[in-house]
Amino acid sequence: MNDHTACVICTSDLWDDELGRHICHRCQQRIDRNLQSIAGPRGLYARLALRTTPGKGGDGPAVSGSRTAGMPPNEHVLNLVVNGGIVSQLEDWVKDWASHGLAQTPTGGRLQHRVDQAVKTLRLNLPQAALRHPALKDFNHEIHKIIRACQRIIDNEKPPIQLYAQCPCGGGIPFTLNTDGETCTNCDTAYSHGDILRLNLAERRAAA
Ligand SMILES: [Zn+2]
Ligand SMILES: [Zn+2]
């Protein structure tokens, strides 16, 4: 029990049936929804992880054979997805909550599994944490930051820009920067990822 009369997150007065809690029911529900949105096969974490899978554009620079072609566009995503990223942030909270008897300590496994397990135990224990965990404001803040970081990346997702390369035969070859290679439909010449980038760009009109 505690002597709060206001929610430590949104500072609104606690209702009579919320007295003794650290946070109001609405804040608890929001945290729960936020946690839920991170986990699972369609969750934010899985959607970010998908971007780092070879074959989804993540191996583009390697195919070109040019290590100086620039930073992989998904390096920021990678930092969130790897060990030390979102999964470790969540597990740090799990360990912290576990020290208050409010969660089960992480058991390891694959990254997605670890994320799902961390979210599961945090959600399961959230109602109890709402009564007695001392750092719910920080917790809420950090979960919110994770959501925002994921959302920003997902919202910025744009379809790859369609470009046209000028084949020496005069044909225009549509391609995108993460192409694995293209074949000119006019002369049947096959171009690797690196080759196609060395061709001149054509006007879209010429390609049509
Ligand atoms: Zn609140
Ligand atoms: Zn051609």
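A residue counts as buried if 20 or more other C-beta atoms, placed from the backbone, lie within 10 Å of its own; with 12 or fewer it is exposed, and in between partly exposed. Of the 208 residues in this protein chain, 30% are buried.

A word on the source. This is a predicted model: local features need pLDDT of at least 70, side-chain atom pairs count only at pLDDT 80 or more, and totals for chains, interfaces and linings use all residues. Residues are numbered from 1 along each chain as its sequence is written, while chains are lettered from A and ligands numbered from 1 in the order in which they are written.

Now the elements. The chain holds nine helices and five strands. These are DSSP runs, numbered from the N terminus: helices are H or I, at least four residues, and strands are E, at least two.

Look at helix α5, residues 86-99. Its 14 residues reach 20 Å from first C-alpha to last. The expected span, 1.5 Å times one less than the number of residues, is also 20 Å.

Which residues of α5 are buried? They are I86, V87, L90, E91, W93, V94 and W97. They cover an arc of only 155° around the axis, so they sit on the same side of α5. That arc is taken from the directions from the helix axis to the C-beta atoms. Why one side? An α-helix has 3.6 residues a turn, so residues three or four places apart point the same way.

What do they pack against? The partners are α2 (44-50), α4 (75-81), α6 and α7 (136-155). Contact means C-beta atoms, placed from the backbone, within 7 Å. After α5 comes G101, with a positive phi near 70°.

Conventions. Two residues are in contact if their C-beta atoms, placed from the backbone, lie within 7 Å.
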